[in-house]
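Welcome to this short tour, and please keep your viewer open beside the text. We will go from stop to stop, with something to select at each one.

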Amino acid sequence: MARLAQTAGLTDIQQEILSTVRDFVDKEIIPVATELEHRDEYPQQIVDGLKELGLFGLMIPEEYGGLGESLLTYALCVEEIARGWMSVSGIINTHFIVAYMIKQHGTQEQKDHFLPKMAAGDVRGAFSMSEPGLGSDVAAITSKAVKDGDEYVLNGQKMWLTNGGTSTLVAVLVRSDEGHSPEETAAKPHKSMTTFLVEKEPGFGEVRPGLTIPGKIDKMGYKGVDTTELIMDGLRIPADRVLGGTTGRGFYQMMDGVEVGRVNVAARGCGVAQRAFELGVSYAQQRHTFGKPIAQHQAIQFKLAEMATKVEAAHAMMVNAARKKDSGERNDLEAGMAKYLASEYCKEVVEDAFRIHGGYGFSKEYEIERLYREAPMLLIGEGTAEIQKMIIGRRLLEEYRLQG
Ligand SMILES: Cc1cc2nc3c(=O)[nH]c(=O)nc-3n(C[C@H](O)[C@H](O)[C@H](O)COP(=O)(O)OP(=O)(O)OC[C@H]3O[C@@H](n4cnc5c(N)ncnc54)[C@H](O)[C@@H]3O)c2cc1C
């Protein structure tokens, strides 16, 4: 079923990659997703399959062993994967953001050291900005790094790390006030932040001296993928693991990573909405009330019409945002709009598909129950709707500034 959300102008290679991923999703993900999700089980077999397909290295340049594909190819793959199970797209998303940040901002040594292993899926990435006391307000980060000889000593607590347990490399954003007076730091807090590339063992407990991953956070949805806290207590990191080699650039590096991450969250919203539409349109033709399939009642047809229109609109905006970034242009406005619209529409389409299922939508036997618990995460992750609107609003005022 691929009549909605078509993308014009794809190359033969892009079409081949997408058709392989779609096939994998239909055969290997959709049949097992709901059962694994209910058990909150990590989908190891699916992850191994994605590794074999080369998806962990999709956007990593060929010279480092990746496929060197565009953000658009990546986003369309994410859309397909999320159509199968959103948690699986979460497993590759943080990896992709960290690889992107190393590719864009890393030193040559960091690229040579990490990217080939990341392309093979042997090193898997997570990123960590949020803390117990903050998420949207990144500049308020309190975790801190202090220089000690050739090393930095990191202390503080982080929250909400997707893939915190399963990853072996975490890009951690902390405060590092080197060379700044307290007044300077207070005036420009984002200029005193640094991203550290922290290698660790996978698993829970003390995964490196001074670094503890306490355990999985129990979530309402988005299960299977682990989301954790991270505690740094005298964690010693060598100076050559400062992303890009220079302190004070972490905020901008992370925002660059999150910008491409936003296109991916939009793509996830598109994928989940597509699946909800598929489930709704199928159920509506099977369930009969008042002597006919409910799809023949105009009220239900109107719902299907609205759902399909939202699927199409979100897909178009997501593709536009990815293409803008691929062309080398700034895309924060488009990415913010795509993320905002796709996540809101996803929630609405899922809700409509749930209503079409009547009472059965409330049963764990039906896939829509899982989608109903997954969609809200997209409203929060990679910046809430309010934060997207702040970004969009600021950019609009830049573009439409009155002269004179
Ligand atoms: C399942 C899951 C996985 C996650 N994975 C990661 C991860 O891998 N790495 C990571 O670093 N973080 C991760 N996060 C954290 C996520 O990025 C934050 O939850 C998100 O940015 C919101 O921050 P918050 O929860 O602290 O909410 P807050 O920032 O406290 O916001 C609370 C409410 O206030 C609103 N608000 C805040 N500021 C304003 C304002 N100025 N104007 C108007 N409204 C405002 C928000 O929109 C929201 O509605 C994850 C979260 C979840 C739920």
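Start by selecting Glu-35 and Arg-39: their side chains make a polar contact of 2.9 Å. A polar contact here is a pair of N or O atoms within 3.5 Å; within protein, one must be able to donate a hydrogen and the other to accept it, and residues adjacent in sequence count only if both atoms are side-chain atoms.

Before moving on, note that this is a predicted model, in which local features need pLDDT of at least 70 and side-chain atom pairs count only at pLDDT 80 or more, while totals for chains, interfaces and linings use all residues. Residues are numbered from 1 along each chain as its sequence is written, and side-chain values use heavy atoms, with hydrogens and water left out.

**Around helix H1**

Glu-35 belongs to helix H1. Helices (H or I, at least four residues) and strands (E, at least two) are DSSP runs, numbered from the N terminus.

Next, go to the loop between helix H1 (12–38) and helix H2 (44–53), where you will find Asp-40. Asp-40 is not a glycine, yet its phi is positive, at about 55°. Most residues other than glycine have a negative phi. For another case, select Phe-290, with a positive phi near 50°, in the loop between strand E9 (288–289) and strand E10 (292–293).

**The ligand**

Show the polar atoms next. A polar side-chain atom of Thr-384 is 2.6 Å from an oxygen atom of the ligand, and a polar side-chain atom of Glu-386 lies 2.6 Å from an oxygen atom of the ligand. At Phe-127, look at the backbone instead: a polar atom there is 3.0 Å from a nitrogen atom of the ligand.

Which residue sits in the loop between helix H1 and helix H2? That was Asp-40. To finish, leave Thr-384 and Glu-386 on display, each with a polar side-chain atom 2.6 Å from an oxygen atom of the ligand.
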